[in-house]
Each structure stands twice: as structure tokens, then as C-alpha cells.
Amino acid sequence: MQNPYIPYPVVVDKIITEVDTKDIKTFRLKFVNPEDEQKYAYIPGQFGELSIFGKGECPIGIASSPTQKGYVEFTVQKAGVVTTALHEMEEGTLMGIRGPLGNSWPLDYLAGKNIVVVGGGFAFTTLRSLINYMLHEDNRKRFGNITVIYGARTPGLLLYKDELAEWGKRTDLNLNVTVDKGDASWKGREGFVPAVCKEVAPSKENAVAVICGPPVMIRFTLPVFFELGFSKENIITSLEMRMKCGIGKCGRCNVGSKYVCKDGPVFSLAELDKLTPEY
Amino acid sequence: MEKRLIKKDALAGIAKKMADDFLVWAPVKKEDNVLFAPLGRNDEPFFSYLNSKNAPKNVFFPHTETMMKYTRTEKGMTFSAEVNKAEQSVLFGVRPCDAHSFVLLDKLFDQEKYKDGYYIEKRKNTTVISLACATPPYTSCFCTSVDGEPVSSDGADILLTDIGGDYLVEFVTPKGEALSKYFGETKADAQAESKKAEIAAQAKEAIKSKIPAHEVKPILDVNFDNPFWNTIHGKCLACGTCTYLCPTCHCFDISDEVKGSDGVRIRSWDSCMFPLFTKETSGHNPRPSQKERWRQRTMHKFKYYVDMFNAISCVGCGRCVMYCPVNIDIRKIVQDISKL
């Protein structure tokens with residue numbers, strides 16, 4: 001049996017600087033042993049522990065979709081010891097990843113429904129995984145209308161710009177990208193995510209909202225969806241806590257009786273209501 | 001299973017004989033403390049102890065443990081899992097409360113989905129010999145309130161009970177029975193057994209400290225925000241002694257250490273009493289003060305563990321009560337909660 005504490009060896013295959021502030025990068029990782037890719041079969045919404053030897057580990061949501069074969073991607077903001085070391089890495093470096101960890105976006109529950117994806121800033125990563133998964137030709141029929149509302153503070157802080165452009169050309173996706181404040185070259189929408197949600201006003205009929213973003217965005221976005229009539233069962237989000245083991249043993253990421261690493265990170269608002277408010 | 005009698009003064013000799021064949025962890029006197037330590041050739045086990053200062057959980061879950069090793073190469077690091085083979089061991093003479101803690105820790109480390117091989121391997125290869133508390137050692141003992149008893153084979157492979165001049169030796173599991181050759185030939189008679197039953201009843205009766213550990217669960221379920229939580233932590237120093245000595249506290253940290261081009265990833269005990277335990281990189285801390293940390297510790301023992309594993313995560317050893325430098329008493333906390 002696989003020792004859950006031991007990472008799979010991976011090579012940093014490609015590094016993409018996502019934002020103009022240069023502190024968010026996407027790391028495309030390839031497995032050193034091809035058979036490990038099978039063992040790392042993941043579902044959108046799960047996360048991995050990125051392992052840099054000599055520095056430690058940090059839990060990061062998986063940004064690629066399982067429909068993208070041959071690699072796994074993580075989009076990482078430079079913040080602490082491990083992520084700073086990661087940002088200083090060059091392509092070709094050996095590192096490790098553990099996982100996949102945690103539950104996932106509830107794909108079976110989402111199937112057959114209209115999906116509203118709402119993302120803010122850097123929290124868009126596992127939503128991107130979900131969108132790419134749903135848009136894949138093998139899966140698109142399983143989901144109804146897909147509406148995406150994604151905002152960042154400035155145009156330069158939007159992640160996955162090429163992909164956003166591609167999605168914008170599609171007819172089977174209602175894409176709404178917004179920035180708090182545009183610049184001279186920005187031709188898109190301006191405005192905060194909650195306001196855009198109100199404007200787009202997705203129907204609650206047979207719909208689920210999947211929302212990820214900074215706390216301030218969540219705080220103002222939820223009332224919009226309540227007003228639109230979405231039930232708490234049909235608003236789904238993902239939590240973050242400090243983690244170490246990722247498998248519910250080291251004892252630090254619990255919210256009440258649930259470990260965010262093992263029982264989460266994905267919870268519906270109805271589920272969150274039952275947890276203690278300590279996150 | 002079979003029961004035998006051994007002379008009381010034979011016990012140390014048996015432990016030492018076993019130590020010729022296995023790694024034997026036994027209580028030994030170290031300065032002012034009694035601690036479980038591997039029994040060396042010249043060590044004398046000390047069985048007339050009350051309880052060891054540290055809980056013996058470190059036998060299965062050491063303070064610090066290597067999880068993997070790695071070596072620097074031109075391209076980064078290559079790594080290898082630490083070889084995880086535990087040698088055949090005997091944990092000789094633990095108190096029943098501490099043996100009970102192993103049953104509780106098993107629930108966490110040996111779950112169906114994620115198995116903690118480091119713990120399981122040592123646990124699997126260790127025979128636990130409990131030394132019953134014929135006379136309960138401390139007034140702070142409260143095992144009978146948390147599903148324990150001073151004379152109990154819970155978590156043990158062999159149970160030794162002082163019945164006067166002899167120890168009654170009970171082989172509880174096949175793993176225990178496999179060591180029967182060390183315990184002489186004298187079969188226990190009915191008289192010894194009835195004497196043991198008498199002592200067990202007396203010992204149970206002698207535990208006077210009681211807490212409503214089961215009764216507080218439904219109260220904790222609905223009192224996360226009760227102002228009561230403001231009343232515990234004021235004097236707490238966040239020293240972590242309670243969690244360090246606790247037989248069931250299992251929180252750990254994972255960190256890397258590098259020396260030259262070689263490094264190790266280790267895990268070490270950590271504590272929910274420490275501010276950094278839950279502090280996130282952003283600066284946000286879901287448990288920002290000692291108040292939330294005390295609530296977590298109390299809830300974890302008497303509610304969360306019950307929700308997760310249907311068992312209270314406290315064995316009533318009383319170490320946290322005895323050694324807290326500012327006299328925070330978990331018994332009083334539980335009693336106060338029962339009145340909310």
C-alpha cells in the first residue's frame with residue numbers, strides 16, 4: 001500500500017507567470033515514473049501537497065483538469081517558505097507531490113444541472129479545473145448551461161488569460177470576466193463580482209452555484225444568490241486551513257468534527273451551517 | 001485463555017530476561033521521574049511506580065520520527081521513504097489508562113482509508129503488558145469516568161494484577177500468550193481469580209474523582225459560543241505541557257531538516273495550545289487566542305473524537321491535572337460544562 005506521507009517524484013516541466021505582479025505562477029509538473037500518473041487520478045476540487053525537499057510542503061488546489069493528460073498543474077501565489085522556494089525554481093527541477101487529497105467538487109451532484117461558477121482573484125484555480133473538466137467533449141453533455149463569473153482587481157491579475165480568451169469564443173459557455181478597475185487597454189467589464197452576479201442574475205432553476213474567492217467577495221456574493229433563490233444546498237464552496245498531513249491525522253485543520261483536508265475542502269453552505277464557525 | 005501466578009519479586013527478572021530477546025520498554029527511574037525507556041543490560045526496571053511521568057505513547061508515536069530521506073542532485077532532490085520496519089518489542093508494565101490510550105490512538109492512525117504505517121508497524125510488533133492499579137495511584141485519577149478501570153485489560157495483551165504476594169498473569173490475546181514461556185509454570189487457581197476480582201472491585205471503588213464525561217457531549221454539541229469559554233484560558237501559559245504528557249494527544253508537525261546535501265523529513269509532536277499551530281500564511285488564525293485553543297482541546301476530547309470515532313479521547317490518567325503549572329483542571333472544566 002502506498003505510504004500516504006511519501007510524495008511522488010515530479011519534474012517541473014513548465015512555469016507560467018500568470019500575473020503582472022509576477023507573484024502568481026502556474027507550475028506544470030510531470031511524473032518521473034509514468035505509472036504514478038495513474039495513481040494520482042484526481043477529481044476537480046481536490047488538492048495536493050507540493051513538496052520541496054529541504055523546505056517542506058504546502059497544500060495547493062489542483063488547477064488542471066483530469067481531462068488534461070500527462071501532467072498536473074498547480075497555480076501558486078508566492079507567500080511563505082515553500083511557495084517562495086517554488087517560485088525560485090527553474091524548469092527541469094525535481095520535486096514531489098502528494099495526493100490527490102480531500103473530497104472534490106461534487107461532480108455527480110452537478111451532473112444534469114445548470115452550473116454557475118463564481119470566482120474571485122487567485123481562488124479561481126480549482127474552479128478552472130472544474131470548468132475545463134465540464135467543457136471537455138466527453139463531459140459537456142452531462143451538464144446544462146454553464147455560466148462563469150470571474151473577477152480580479154486589475155486586468156493584469158486575471159489568471160489563465162489565454163484560456164479565458166478561448167472560452168470567450170465558445171457558444172456553450174456564458175463567460176463574464178470583470179475587473180475592479182480596468183486600464184487603458186481593458187475593453188471588458190468593470191465592477192465587483194457581487195454586482196456582476198446581480199446583473200447576470202443566473203436562474204436558480206435546476207442550478208448549483210460553485211463559489212470560490214476571498215472572504216470579502218464571498219460575504220457580498222452570497223446574499224445575491226440567496227436573493228436569486230438559491231438554496232444553501234445548492235451553493236458550494238471550498239475552505240482553506242493550515243494543513244500538514246493532509247489525511248486527517250496531524251490534528252490542525254479541523255472545523256468542529258470535520259477535517260478540512262479529508263472531509264473537505266469542498267462543503268455546501270448547508271453543510272457549513274452544521275459545522276462550528278471556526279475557519 | 002490461560003492464567004498463571006508469579007512471585008512479586010520475579011517481575012524485574014522476567015522483564016530483563018525478555019530484554020535479552022526483544023526490545024523491552026519498561027519503567028525506569030531517571031532522576032526524579034519514572035519514564036518508559038528501552039531496558040539496557042544494566043538497567044533495573046522499577047515496577048513499584050505510581051505512573052510514568054510521560055505517557056508511553058512515544059513507543060508507537062515518537063517525539064520525533066524520520067518519515068523520509070533525500071539527497072541533493074544537480075536537478076533537485078531524489079528521495080526515499082524511511083525503511084519502516086519495527087523490531088519485535090515488549091512494552092512492559094504500563095498502567096491500564098495508558099493501555100486504553102492505544103485503543104483510542106489506533107482509531108486515528110489505523111483508519112481504513114489512510115493508514116499511518118509508522119505507527120501501525122510499531123504497534124503491530126509490540127506486545128503490551130499492563131500492570132493493573134491494585135491501589136489507584138493518585139487522587140487525580142479519574143479513569144472510571146472515561147470508560148476505564150484501574151484493573152483492566154483494555155489495550156493489553158497481558159494483564160498483571162498484584163494480588164498480595166503474587167501477580168496474577170492473564171494472557172489476554174494470542175500475542176500475549178506467545179510470551180507465556182517467560183512467566184513460569186504455576187497455574188492460577190480459583191482463589192487467585194476471586195482475589196483479583198475482589199481487588200478490582202476495591203480499586204474501582206477507590207477512584208473518588210469523577211467527571212460527567214459522557215453527559216457533557218450533548219451540551220458541547222450546542223454550546224460552541226457559550227460565554228463559558230471565556231472563563232478557562234485566562235491563566236494558561238500556552239506551555240503545551242498538558243498535550244505533551246497526554247496519552248491521547250496525537251497532533252504533529254511535519255518539517256524538513258537539511259545537512260549538507262542530505263536531508264530528512266521528520267514529524268514531531270505539536271500542540272493545539274500553540275499560537276502557530278493553526279496560523280495561516282496570510283496571517284489569519286482561525287483560533288486566534290488561548291480561548292479558542294482551550295475550546296478546541298476540550299471539544300476534541302469530549303465531542304469531536306466522540307463524533308468521529310464514538311469514543312472519548314481522554315483516559316483519566318490525570319497527568320494534565322497534576323503537571324499544569326497554573327492548575328488548570330480538565331475535571332473542573334468538564335464539571336462546569338455539565339452545569340451549562
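Please keep in mind that the model is predicted. Chain A is built with eight helices and 15 strands, while chain B has 10 helices and 11 strands. The two chains meet through 38 residues of chain B and 33 residues of chain A.

**Chain A**

- The radius of gyration of chain A is 18 Å, close to the 19 Å that the globule rule gives for 279 residues, so chain A is as compact as a globular protein of that length.
- Along the principal axes, the C-alpha atoms of chain A fill a box of roughly 50 × 45 × 35 Å.
- Of the 279 residues in chain A, 49% are buried.
- If you look at contacts in chain A between residues at least 6 apart in sequence, 70% of them join residues at least 24 apart.

**Chain B**

- For the 340 residues of chain B, a compact globule would have a radius of gyration near 20 Å, and the 22 Å of chain B agrees with that.
- The C-alpha trace of chain B spans about 65 × 60 × 40 Å along its principal axes.
- Buried residues account for 46% of the 340 residues of chain B.
- Taking contacts in chain B between residues at least 6 apart in sequence, 71% link residues at least 24 apart.

**Where chain B touches chain A**

- In contact here are 38 residues of chain B and 33 residues of chain A.
- On the chain B side, at least two residues each come from β4 (64–73), β5 (76–81), α2 (96–109), β10 (252–259) and α8 (290–309).
- Of the elements of chain B, β10(B) gives the most to this side, with six residues.
- Sorted by class, the side of chain B that touches chain A holds 19 nonpolar, nine polar and 10 charged residues.

**A helix pair in chain A**

- Helix α6 (residues 193–200) of chain A and helix α7 (residues 215–227) of chain A have axes that come within 8 Å and cross at roughly 20°.
- Because angles under 35 degrees count as roughly parallel, α6(A) is roughly parallel to α7(A).
- The crossing of α6(A) past α7(A) is right-handed.
- From α6(A), the contact is made by A:V193, A:P194, A:C197 and A:K198; from α7(A), A:M217, A:F220, A:T221 and A:V224 take part.
- By class, this contact of α6(A) with α7(A) has six nonpolar residues, one polar and one charged.

Technical notes
Residues numbered from 1 in each chain as written. Chains lettered and ligands numbered in written order. Predicted model: local features only at pLDDT ≥ 70, side-chain atom pairs only at ≥ 80, totals over all residues. Helix = DSSP H or I, 4+ residues; strand = E, 2+ residues; numbered from the N terminus. Rg over C-alpha atoms; globule rule 2.2 N^0.38 Å. Buried ≥ 20, exposed ≤ 12 C-beta atoms within 10 Å, placed from the backbone. Contact = placed C-beta atoms within 7 Å. Axes fitted to C-alpha atoms, helices over the stretch in contact; angles between N-to-C directions. Parallel < 35°, antiparallel > 145°, perpendicular 65-115°, else oblique. Left-handed = near helix turned anticlockwise from the far one by under 90°. Nonpolar A, V, L, I, M, F, W, Y, C, P; charged D, E, K, R; others polar.
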